[in-house]
Amino acid sequence: MHYNKIRELIEKAEKEDKKISQIVISEEMDEREIGREAVIDEMKENLKIMRESIEEGLIPGRKSATGLTGGEALTLQDSDTALTTPLYKKVIVKALAVAGVNACMGKVVAGPTAGASGIVPAVLLTLAEENEIEEEKLIDALFTAGGLGEIVSKKATLAGAAGGCQAECGVGSAMAAGAAVELLGGSPQQVGDAFALALKNLLGLVCDPVAGLVEVPCVKRNGFAASHALTAVNMALSGIQSVIPPDEVIQAMMEVGDLLPVSLKETSEAGLAKTETGQKIAEDLQDF
Amino acid sequence: MSVFNVLGPIMIGPSSSHTAGAVKVGYLARSIFKDKLEKADIYLHGSFARTFKGHGTDRALVGGLLGFKPDDERIRDSLNIAKERGIEIEFHLSDLRGVHPNTAKMKLYGENKEMTIIGSSIGGSRIKIIQIDDYEVDFSGEMPTLWVLHKDEPGEVGIITSILGSYKLNIASMEVFRNKKGEVGSAIIELDHKVNDYVISHLKNMDDIYQVRYIEPF
């Protein structure tokens, strides 16, 4: 994609009365010199793997190699807490399922990273199911998610080691929120608003994984970031706008990322990794 | 760049950098080594050394050396598969100094052959190969890549680029390096299009070109 700003994507979509996904798809065709069908098929394959990873994440008895995580998705699915609507619960279950599969060396679609791979599928697949939205539109929405993330990768970073978790789960949540707005019929402007609202609220999120592994707090954080995206979707679709435009939020994220100390950027030298329990786990795993 | 670099790749978890990136480092090393692998000494540096077991970095590197891509479920079992195929693998924790925290040095052995390749996983599942034997290099494997060893003398690089040009192969980037003036030059050439065997044999047949390796993109 040759665009460097979400603003440009929105303007192009508005001017041509198109969805953002349509712009992302044509850009992909141009850049790689391949046909529409080939591009769509590649995303279909992603969708297939997303579905498989959700199913796999709900198989009982799975644990990660370290034993630190596993089974969270099933625990929530089998519970009867009346606290959330079925939709919210389904979203969180799927996010935990995919993130759990990832922790068990299973197959996932990274988006924007492996550690944040549960968020986009959880939000988009659940909304498509619950609203009986056809497959074609769901695939389009995945392109919107990817296109939004592509701009972040050009202008900032998607690596926890460079920007903290805001760049992984934060961006994942923002990608999911923007794409969900398109899926539910919102305007390109509202896509940008949902993206900006979701990312703004996760600015500063640190990457402090226990023992340096993509497990604690990563697996459960996928559940949080997915439900967080729904709040942004609700606001944006109701017409609430983000005062700070999406591209400026991306810039702010990069600046915050630069200001974060290295100890909170995937080095496990501070935060949860340095709690009493976090350190004990790391020590126990030394000879593992 | 492609949208599938952000929503993708399809990969075996848990980490884009420590698992998928490590598979790619191993896979590229295999393409560069090219011949039958009998033994590999793998030196893990930095974060790779500290967290390799929990991230499966060891299995990922070996999976790549066996020719598995990042979405291959056999990665989980790659250490056993290597054993079955008679490939001896040994891991060492080391400090390679001055390199990216996610770096592995691989000493690869085949029949009458030994080669050292160093690669780093630099974020997401993106990687780069930074050294082949005594040659400093810098390429990602995202594009069709040629590694050419040639006589270090005036005009030699021009000959290589003209040959590529005559096959309508556009050069996206090119980097030349030598250890000593007048001896062997190393050129890393990234191209927009795939290279066929005909082009490779044309290059190989030139008097002052000593070695040509073609590394296919993922």
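Predicted model: local features only at pLDDT ≥ 70, side-chain atom pairs only at ≥ 80, totals over all residues.
1. Two strands are taken as paired when DSSP finds at least two bridges between them.

2. Chain B has an open sheet of 6 strands, and reading across it the order is β3-β2-β4-β5-β6-β7, with mixed pairing. At the edges sit β3 (88-94) and β7 (135-139) of chain B, each of which pairs on one side only. On average, neighbouring strands here are turned by 20° against each other, if you ignore direction.

3. Now over to chain A, where a helix pair is worth a look. Helix α10 (residues 188-200) and helix α11 (residues 218-238) of chain A pack with their axes 8 Å apart, at an angle of about 140°. That angle is why α10(A) counts as oblique to α11(A). As for handedness, the crossing of α10(A) and α11(A) is right-handed.

4. Who meets whom in that pair? From α10(A) come Gln190(A), Asp193(A), Ala194(A), Leu197(A) and Ala198(A), while the residues they meet in α11(A) include His228(A), Ala232(A), Met235(A) and Leu237(A). Sorted by type, the residues of this contact between α10(A) and α11(A) split into 9 nonpolar, 2 polar and 1 charged.

5. Next, the place where the chains come together. Here 43 residues of chain A are in contact with 30 residues of chain B. Several elements of chain A each supply at least two residues to the side that touches chain B, among them α2 (20-32), α3 (36-56), α5 (86-103) and β1 (107-109). The most comes from α7(A), with 8 residues. That side of chain A divides into 25 nonpolar, 12 polar and 6 charged residues.

6. β1(A) is joined by 3 bridges to β1 (residues 10-12) of chain B, and the two run antiparallel. To find the spot, look for Val108(A), whose bridge partner in β1(B) is Met11(B).

Note on methods. Residues numbered from 1 in each chain as written. Chains lettered and ligands numbered in written order. Axes fitted to C-alpha atoms, helices over the stretch in contact; angles between N-to-C directions. Helix = DSSP H or I, 4+ residues; strand = E, 2+ residues; numbered from the N terminus. Parallel < 35°, antiparallel > 145°, perpendicular 65-115°, else oblique. Left-handed = near helix turned anticlockwise from the far one by under 90°. Contact = placed C-beta atoms within 7 Å. Nonpolar A, V, L, I, M, F, W, Y, C, P; charged D, E, K, R; others polar.
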